[in-house]
Amino acid sequence: MARVQRIDLRGRVIERAKKRCEYCQLPDDDGWAIHEVDHVIARKHGGKTILSNLAYACIPCNRHKGTDISSIEPQTGQVIQLFNPRTQRWGTHFQLHPDGTITSRTAVGRVTALLLHFNDPIRMQIRADSIATGKLNPRTTLRANGQI
Ligand SMILES: [Zn+2]
């Protein structure tokens, strides 16, 4: 893919995500590093570098996710697909609280939050600070991400 096309694709991913990690909601201007473009379905599993397979992800989420597309739910031992921000709605699977904590509503939410370490203390504090300053609204966040 040509360099200009890659830059345009990255810009569209960032704009669609409203500059937040589409997994843990971390704003990219409050993090300690620039977010990355993630292949929701990794290339090794046949995922393509197209808008409908890309998500904006903070570095911790992207590193913890790696090329994984599923995980094992501790409560049941079942293999559960990870949250897909292109085909699933964030608010169906997660809830963001004013203290920066993210709780899970579904098995998809539980395995994703666990694998990607959503509630590590640093990211919880950044989300809490962003909520306190009005940059992140827990009520509107649920509809802001994950839909094309
Ligand atoms: Zn994240």
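Me: What makes a residue of this predicted model count as buried?

Reply: A residue is buried if 20 or more other C-beta atoms lie within 10 Å of its own. By that cut-off, 32% of the 148 residues of the protein count as buried.

Me: Why is a set of 25 residues called the largest nonpolar core?

Reply: A nonpolar core consists of buried residues of kinds such as Ala, Leu, Tyr and Cys, joined through C-beta atoms within 7 Å. The largest such set here has 25 residues, and those with the most contacts inside it are Cys 21, Tyr 23, Cys 24, Ala 57, Cys 61 and Leu 116. Strands β2 (54–57) and β5 (94–96) and helix α4 (107–115) each supply at least two residues of this core.

Me: How do you know that Cys 24 touches Cys 61?

Reply: Two residues are in contact if their C-beta atoms lie within 7 Å, so this pair meets that cut-off. Not counting residues up to four places away in sequence, Cys 24 also touches Cys 58, Ile 102, Leu 116, Phe 118 and Arg 123.

Me: What is the pattern of helices and strands along the sequence?

Reply: The protein has 6 helices and 6 strands, in the order α-β-β-α-β-β-α-β-β-α-α-α.

Me: Where is confidence lowest, and where is it highest?

Reply: On a scale from 0 to 100, the protein averages a pLDDT of 90, and 89% of the residues score at least 70. Confidence is lowest in helix α6 (residues 138–144), with a mean of 60, and highest in strand β4 (residues 79–81), at 98. Over residues 142–148 the pLDDT is below 50.

Key. Residues are numbered from 1 along each chain as its sequence is written. This is a predicted model: local features need pLDDT of at least 70, side-chain atom pairs count only at pLDDT 80 or more; totals for chains, interfaces and linings use all residues. Helices (H or I, at least four residues) and strands (E, at least two) are DSSP runs, numbered from the N terminus. A residue is buried if 20 or more other C-beta atoms lie within 10 Å of its own, exposed if 12 or fewer, and partly exposed in between; C-beta atoms are placed from the backbone. pLDDT is the predictor's confidence in each residue, from 0 to 100.
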